Amino acid sequence: MANVAFIGLGNMGGPMAANLVKAGHRVAGFDMMAENLDKAKAAGVTVAVSAAEAARDAEVVVTMLPAGQHVRDVYTGSGGVMAAVGKGALLIDCSTVDVESARAVAKAADEAGLDMVDAPVSGGVGGATGGTLTFMVGGGDAAFQRAEPILQAMGKTIVHAGASGTGQAAKICNNMILGISMIAVSEAFVLAKSLGLDAQKLFDIASKSSGQCWSMTSYCPVPGPVPTSPANRDYQAGFTAAMMLKDLRLAQQAASQSGAATPLGAEAASLYALFCNGGRSGVDFSGIIKMIAGE
Ligand code: NAD
């Protein structure tokens with residue numbers, strides 16, 4: 001069992017740190033919010049006064065932060081993790097951030113003689129709490145092998161995607177598919193209604209035909225066909241529209257930096273921006289069907 005520092009104990013990081021404690025690791029945690037520190041303490045995390053203090057005796061540092069700038073600050077800023085950790089520590093960033101930040105921080109780690117992986121997750125707060133997250137891991141083979149047993153305490157599926165940054169690449173490519181497919185499924189249900197085709201009938205047919213996809217069969221945006229989908233509880237999130245917009249924007253940033261053409265990704269980002277700007281950023285992302293229906 002390892003000495004782990006956990007920085008960023010929010011909706012995701014809090015339960016992830018709690019699962020590391022349950023697996024027998026000694027976890028020192030830090031967050032900017034006192035309320036999150038109190039919750040982590042109740043789950044068995046030793047509270048530190050700064051990221052550097054949490055990292056000082058750590059063999060492994062895990063971060064779960066909002067965005068790229070936070071990750072850069074926490075690792076490479078003055079008083080940051082890289083200046084505080086001992087030689088040989090392993091760094092694991094589980095936040096969803098831009099590919100460029102992930103690669104810049106991994107390069108700084110390499111120059112400091114530290115192993116680092118980017119390991120963003122899929123599975124949301126439910127997966128974080130249940131220890132069933134999927135991790136998409138970018139980094140060298142040796143770093144991946146060291147990270148795997150730590151990630152196993154927080155997740156079920158751990159995939160080595162390739163070199164540094166490819167974990168983030170996998171995350172934004174997956175979520176770009178999800179954002180586009182949710183809009184496509186929503187448009188189909190809105191069109192079906194206007195043509196007098198019952199939603200359940202469309203589901204019965206399309207879920208067994210070539211229109212089948214996860215946005216339809218696991219997360220259907222109309223109430224009824226998939227009883228567990230947020231559509232059945234007034235689009236209570238789930239995965240918020242704001243988070244979908246964040247990931248679609250990261251995909252657009254990566255596309256423009258790499259020269260890839262992603263016109264539907266761009267359209268999906270515009271539609272989610274409209275939805276969020278209309279005051280619905282906290283709604284589940286499948287609620288975009290309401291905007292498409294003109295509601
Ligand atoms: P959150 O806002 O609940 O948690 C982030 C935490 O980081 C906050 O508690 C904040 O106080 C803390 N923080 C910010 N700057 C800090 C600093 N310098 N030092 C220490 N702590 C700091 O967000 P979340 O929902 O837990 O998401 C975290 C990451 O996980 C994001 O990158 C998000 O995109 C990703 N993610 C979230 C979900 C989800 O369903 N919530 C799903 C997949 C991925």
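A polar contact is a pair of N or O atoms within 3.5 Å; within protein, one atom must be able to donate a hydrogen and the other to accept it, and residues adjacent in sequence count only if both atoms are side-chain atoms. The model is predicted: local features need pLDDT of at least 70, side-chain atom pairs count only at pLDDT 80 or more, and totals for chains, interfaces and linings use all residues. Residues are numbered from 1 along each chain as its sequence is written, and side-chain values use heavy atoms, with hydrogens and water left out.

A polar side-chain atom of Asp-31 lies 2.6 Å from an oxygen atom of the ligand. The ligand alone exposes 840 Å², of which the protein buries 86% (Shrake-Rupley method, 1.4 Å probe).

The shell around the ligand holds 23 residues (a heavy atom within 4 Å). Met-12, Asp-31, Asn-36, Leu-65 and Lys-246 come nearest. By class, 12 are nonpolar, eight polar and three charged; Gly counts as polar, and Asp, Glu, Lys and Arg as charged. Helices α4 (68–76), α7 (124–130) and α12 (241–258) each supply at least two shell residues (DSSP runs of H or I, at least four residues). Domain 1 (3–162) and domain 2 (169–292) each contribute at least three, with bounds from an automatic or database domain assignment.

Most residues other than glycine have a negative phi, and most peptide bonds are trans.
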